[in-house]
Amino acid sequence: VFDTRDASPGAVWNAAGDALTWTSEPGPRGAWLNVAMVPSGPSFVSVAPAGAPRPATSSLNSHGVVRANLAPSPLGDGGAITLHTSAPMELIGDRVATLGDTGAGLELSDPRRALDTRSLGAPLEADAITPVDVEAPEGAVGVLATVAAILPDEPAHVAVFPCGVEPDTSTVNLLPDEVASNQVVTGLGPDGRLCLRASAPMHVVLDVLGFFSAEGRLEYQALAPTRLVDTRDGLLDQHRLAARQTLELPLADAPGMPDDAWAAVFNVATVEADGRGHLVAHACEREAPPPTSAHNFAEAPRSTLVTTDLGTSRRACVTTTTRAHVVVDLLGVWRRRDGALPPEPMPIPEPTEPPLTEDDDAGSPTLDAGVSTRPDSVGACACRASSGPPTPPAWLLLLGLGLACARRRLARTA
C-alpha cells in the first residue's frame with residue numbers, strides 16, 4: 001500500500017522527514033501492516049494511529065540492514081496510521097488484513113508445527129511456490145502463524161500468502177547465514193492451504209497458532225502501546241536475560257489490561273545477544289514453553305511481533321535460548337465479546353521434529369525453562385477489534401483485503 005522508494009501517493013512524509021503517514025480508504029477501523037525498513041544506519045520505527053502522541057515503544061529495530069515486522073494499529077485522524085522513524089530510511093508497507101465491525105474472528109489452536117523443511121531433507125527452491133496444509137478446520141478463511149526463514153546463502157525474503165494468489169509482497173527479509181522470523185496473518189486459498197515462496201534456497205519453519213472464521217469468537221482489542229520490560233533499564237539490575245531463563249511479564253500492572261483477555265500481542269526486541277538464538281512467548285502456566293519459533297535473533301537488535309495464549313491465570317512469560325537483553329511492548333489482546341474467561345492453556349502436542357543445532361536455531365522441542373523472575377512494571381498500555389483510551393467498539397479482522405492492494409514486491413533489497 002506504500003513504498004517510499006516509489007513516491008507512493010497514499011503515504012506522505014512530514015516536513016522534518018521523521019514521520020510517514022499512510023491513509024487508508026474509508027471503511028476499516030484499523031490495519032495489520034507488514035512493514036519493511038530500508039535504513040541508512042542503526043534505527044527503529046514506531047507505528048501509531050495518526051494524531052496520537054509518538055509512542056515510547058518500537059515496532060521495528062535494525063542495525064542498518066533491511067528488516068520487516070508485522071504491525072497492527074487502529075486508524076487515527078483522517079483514517080491514517082503514522083510511522084515514526086529515528087533516522088532517515090525508506091519504508092514499505094503491505095496491508096495483510098484490516099479491522100472493522102464485520103469479518104472473521106480468531107479461534108486459538110494448540111501451537112503446532114505445520115512445516116519444517118529440515119525434517120523433509122530439502123530446502124525450499126528459489127521462486128518455487130510451496131503449498132502447506134495447515135489442517136484448517138471447516139469454515140476457516142485465514143490463519144495466525146509464525147514463519148522462520150533459515151540460513152540462505154544470499155540476501156533473501158520469504159512471502160506467505162493464500163494459495164492461488166500471486167502477491168508481490170514479502171513477509172520475512174534476511175541476510176546470508178541468518179535466521180529470521182515474523183508473525184503471519186493471512187487468508188487461506190480455496191483448498192484451505194497457504195503457500196510459501198522464497199527468493200533463494202533456504203529452509204523454512206511454519207508454526208500455526210490459530211484460525212480465523214465467521215464463527216471465530218475472539219476479537220482483537222488494541223491497547224495503547226506500553227513498554228512492559230526493558231532489561232537495559234535496571235529492571236533486572238541491568239542484567240541480560242540468561243539462556244534458558246524464563247521471565248514473567250507484568251501484564252497485571254498495565255493500565256487498561258482487561259481481566260478477560262485470552263491472548264496477548266507483544267512486540268519483542270532482543271539487544272546485545274551472545275549469539276544466535278530464539279525466544280518464545282507462552283502462558284506461564286505451562287510447565288515448559290511450546291516448541292515453536294516466535295522470535296529468532298542474533299547479536300544485532302531485532303524485533304518480532306508475537307502472540308501467546310494466557311490461560312486462566314492470564315499470565316504471560318518469555319523464555320530465551322541465548323543470553324540477551326529483552327524489550328517487550330504490549331500492543332493488544334484477544335478477547336471474547338461476551339466477556340467469557342479463558343480456559344487452561346492450549347495443550348502442546350509431543351514434538352515430532354528432530355532437535356535443532358545451534359546454527360539453525362528456530363525453535364527447539366527440548367527447550368527447558370529456567371529461573372522465573374518478575375520485574376516491576378515501567379509503563380502503561382488497550383480490533384473483530386477494541387482499543388486503548390478511548391475504547392472503540394469491537395472490530396472484526398477482515399482477511400485478504402490487503403492482498404488486492406499491497407502490490408509492492410520488495411524485489412530490490414526489501
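**Figure 1. The disulfide of Cys284 and Cys317.** A disulfide (a pair of cysteine sulfur atoms within 2.5 Å) joins Cys284 to Cys317, with an S to S distance of 2.0 Å. The structure is a predicted model, in which local features need pLDDT of at least 70, side-chain atom pairs count only at pLDDT 80 or more, and totals for chains, interfaces and linings use all residues. The link of Cys284 and Cys317 is right-handed, with 105° about the S-S bond. Distant parts of the chain are linked by this pair, 33 residues apart: Cys284 lies in the loop between β21 (277-283) and β22 (295-297), and Cys317 in strand β24 (residues 316-320). Strands (E, at least two residues) are DSSP runs, numbered from the N terminus.

**Figure 2. Burial of Cys284 and Cys317.** Cys284 counts as buried at 13% relative accessibility, where buried means under 20% relative accessible area (1.4 Å probe, protein chains only). Cys317 is buried as well, with a relative accessible area of 3%.

**Figure 3. The disulfide of Cys163 and Cys195.** The sulfur atoms of Cys163 and Cys195 are 2.1 Å apart and form a disulfide. Because the torsion about their S-S bond is about 105°, this disulfide is right-handed. Cys163 lies in the loop between β13 (156-162) and β14 (172-174), and Cys195 in strand β16 (residues 194-198), so the pair ties together parts that are 32 residues apart in sequence. Cys163 is buried at 9% relative accessible area, and Cys195 is buried at 5% relative accessibility.

**Figure 4. Disulfides in the whole structure.** A search of the whole structure finds two disulfides. With bonded cysteines counted along the chain, the pattern is 1-2, 3-4. Residues are numbered from 1 along each chain as its sequence is written, and side-chain values use heavy atoms, leaving out hydrogens and water.

Terms used:
Helices (H or I, at least four residues) and strands (E, at least two) are DSSP runs, numbered from the N terminus. Buried means under 20% relative accessible area, exposed over 50%, partly exposed in between (1.4 Å probe, protein chains only).
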